[in-house]
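Work through the exercises below with the sequence and the structure at hand. Each task is followed by a solution in steps.

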Amino acid sequence: MAQGNGTTVTEFILAGFTDHPELQVALFLIFLVIHVLTLLGNLGMIALIWRESRFHTPMYLLLSNLSLVDLGYSSSIAPRVLVSFSRESKAISYAGCAAQLYFFFAFATMESFLLAVMAYDRYVAICNPLLYRLIMSKRSCACLLASSYMAGVANATMFTSCTFQLSFCGPNVINHYFCDVLPLMRLSCTDTHSNEMLLSTFAGFIQLTTILIILFSYLYITAAILRIRSSEGRHKAFSTCASHLTAVAVFYGTTFFIYLRPSSTSSLEQDQVISVFYTVVIPMLNPLIYSLRNKEVKDSLGRMLERRKFSQRLR
């Protein structure tokens, strides 16, 4: 691991998106709306799942934890971006940058493993329905969730410690809107080749492990669905997986593109657009995907809104 003798940089400057004041106001409003929708959508999903007893099942327990992770994922990035837009100084402290990188990696890793666990849950539900309650017991769910969270903490600890063992002697301007590992490595005054190899290896291992779990789960699910004779039964079985497949495609498509391609093919503008999508847009989209493509959630939301309107009329 490349290391230097010390660190002389005490703060970093986040270059952000643009220096034009009129564009910064527009971007501030866009990010603010996205973050508010993220908070409302994910908090609403958690509240709905825990309020409705019919949702006290492994599938919805995992979904509520995905919403919780999305809240942390977005909150590790969006508030700092909003602060950068609203003030002239773009500085972030050395410790603040390390903390942001840590939480970003932690929540991103947790999301990867949670999506894999959710795929396994759907595999058990469709391929082994009679054993579903036994296999996906409360204890099993707790172990799977704990493993996902521990993987996130371990991965974030390793990457953050390795990155901030490098020497940063100046310049200190990060060509990005948050403290991401690749822009930080470009500022190091020591050799970062081993760090880049470590990043690619571990990111590839995590992505490969989780995507293989998802892939094999859905191969078995597809085979099981094709054996169902009635078209209505096939449609019902597939509809329980449609929202998860959509979330998987969106999340893994962007992260694969960013972290598993050669650095020579990347450009700052392209990286920033894709990064915005997977850091702040995906956490907003997930509750929409799972509510709009899930009949049970849509029906419960409808009933909850109707009850609220009725109670307001009584007042």
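**Exercise 1. A threonine and its surroundings**

Task: Find the residues that Thr109 is in contact with, leaving aside its neighbours within four places in sequence, and decide whether Thr109 is buried or exposed.

Solution. The model is a predicted one.
- Step 1: With neighbours within four places in sequence left aside, the contacts of Thr109 are Ala151, Gly152, Asn155 and Ile206.
- Step 2: Thr109 itself sits in helix 4.
- Step 3: One of these contacts involves side chains on both sides: Thr109 and Asn155 make a polar contact of 2.8 Å.
- Step 4: The relative accessibility of Thr109 is 5%, and buried means under 20%, so Thr109 counts as buried.

**Exercise 2. Packing of two helices**

Task: Describe how helix 6 and helix 8 pack, and name the residues that make the contact.

Solution. 
- Step 1: Two packed helices are described by the angle between their axes and by the distance between the axes.
- Step 2: For helix 6 (residues 138–163) and helix 8 (residues 193–226), the angle is about 170° and the axes are 11 Å apart.
- Step 3: Angles over 145 degrees count as roughly antiparallel, and helix 6 and helix 8 are therefore roughly antiparallel to each other.
- Step 4: Helix 6 contributes Asn155, Met158, Phe159, Cys162 and Thr163 to the contact, while helix 8 contributes Asn195, Leu198, Leu199, Phe202, Ala203 and Ile206.
- Step 5: Sorted by class, the contact has eight nonpolar residues, three polar ones and no charged ones.
- Step 6: Asn155 and Ile206, both part of this contact, are also among the residues that Thr109 touches.

**Exercise 3. An aromatic pair**

Task: Classify the pair formed by Phe105 and Phe159, and state which helices hold the two residues.

Solution. 
- Step 1: A pair of aromatic rings is described by the distance of the centres and the angle of the planes.
- Step 2: For Phe105 and Phe159 the centres are 4.8 Å apart and the planes are at 15°.
- Step 3: Planes under 30 degrees apart count as stacked, and the pair of Phe105 and Phe159 is stacked.
- Step 4: Phe105 belongs to helix 4 (residues 94–127) and Phe159 to helix 6, so the pair ties together parts 54 residues apart in sequence.
- Step 5: Phe105 counts as buried because its relative accessibility is 8%; Phe159 counts as buried because its value is 3%.
- Step 6: Both residues belong to one aromatic cluster, together with Tyr73, Phe104, Tyr177, Phe178 and Tyr278.
- Step 7: The total of aromatic pairs comes to 17.

**Exercise 4. A loop residue and a helix residue**

Task: How exposed is Ser137, and which residues is Ala237 in contact with beyond its neighbours within four places in sequence?

Solution. 
- Step 1: Ser137 is in the loop between helix 5 (132–135) and helix 6. Its relative accessible area is 22%, so Ser137 is partly exposed.
- Step 2: The side chains of Ser137 and Ser140 are joined by a polar contact of 3.1 Å.
- Step 3: Pro58 is 79 residues from Ser137 along the chain, with 7.7 Å between the C-alpha atoms.
- Step 4: Ala237 is part of helix 9 (residues 231–259) and counts as buried at 11% relative accessibility.
- Step 5: Beyond its neighbours within four places, Ala237 is in contact with Ile126, Ile225 and Ile228.
- Step 6: Ile126 is 111 residues from Ala237 in sequence, and their C-alpha atoms are 7.1 Å apart.

Terms used. Residues numbered from 1 in each chain as written. Predicted model: local features only at pLDDT ≥ 70, side-chain atom pairs only at ≥ 80, totals over all residues. Heavy atoms only, no water. Axes fitted to C-alpha atoms, helices over the stretch in contact; angles between N-to-C directions. Helix = DSSP H or I, 4+ residues; strand = E, 2+ residues; numbered from the N terminus. Parallel < 35°, antiparallel > 145°, perpendicular 65-115°, else oblique. Contact = heavy atoms within 4.5 Å. Nonpolar A, V, L, I, M, F, W, Y, C, P; charged D, E, K, R; others polar. Phe/Tyr/Trp six-rings, centres within 6.5 Å; stacked < 30°, edge-to-face > 60°. Buried < 20%, exposed > 50% of the residue type's maximum accessible area, 1.4 Å probe, protein only. Polar contact = N/O pair within 3.5 Å; in protein donor to acceptor, adjacent residues only side chain to side chain.
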